Amino acid sequence: MTEVASPCIKQCKLDDSRRYCTGCLRTLDEITGWSSASNAQKQAALDRINSLHQPLPLRSLACSQCGTGFRCGTGGSQGGCWCADLPPLASPAGANGDCLCPACLHAAAAARQAS
């Protein structure tokens, strides 16, 4: 039987909650248990990761930071939401509600990378 390959892309960094890798999107438990996991467990982890890339329902929102209206769930290079093209941000600074508009999320991503 063929071994299920690791989704690691050698960009290892834990998110702010320290629960998952922002590179491969595996949880810390999935990463540490990968070598001893069964192929079924590995495939379940890959299925969970792949489900994160499924298209979201289209929504009309107002940015929780600046109030600008925008559409969520479309415009991304892979067919999903435009925000999927940016580095994952668990909780952008200043976000106290739903999603941020493209301008505010780009600014939050740039600020996060600069720090």
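These legends describe close-up views of a predicted model. Local features need pLDDT of at least 70 and side-chain atom pairs count only at pLDDT 80 or more, while totals for chains, interfaces and linings use all residues. Residues are numbered from 1 along each chain as its sequence is written, and side-chain values use heavy atoms, leaving out hydrogens and water.

**View A. Helix 3 and its buried side.** Helix 3 spans residues 102-114. Helices (H or I, at least four residues) and strands (E, at least two) are DSSP runs, numbered from the N terminus. Cys-104, Leu-105, Ala-108 and Ala-109 are its buried residues. They sit on the same side of helix 3 because they cover an arc of only 135° around the axis, taken from the directions from the helix axis to the C-beta atoms. Ala-103, Gln-113 and Ala-114 are exposed on the face turned away. Buried means under 20% relative accessible area, exposed over 50%, partly exposed in between (1.4 Å probe, protein chains only).

**View B. The hairpin of strand 1 and strand 2.** The two strands run antiparallel, joined by 4 bridges; pairing needs at least two DSSP bridges. Ala-62 has Gly-69 as its bridge partner. Between the strands lie 6 residues, and Gly-67 in the turn has a positive phi of about 90°. In strand 2, Phe-70 and Cys-72 point to one face and are buried.

**View C. The salt bridge of Glu-3 and Lys-42.** The closest N and O atoms are 2.3 Å apart. A salt bridge puts a side-chain nitrogen of Lys or Arg within 4 Å of a carboxyl oxygen of Asp or Glu. Lys-42 is buried, at 3% relative accessibility.

Note on methods. The expected span of a helix is 1.5 Å times one less than its number of residues.
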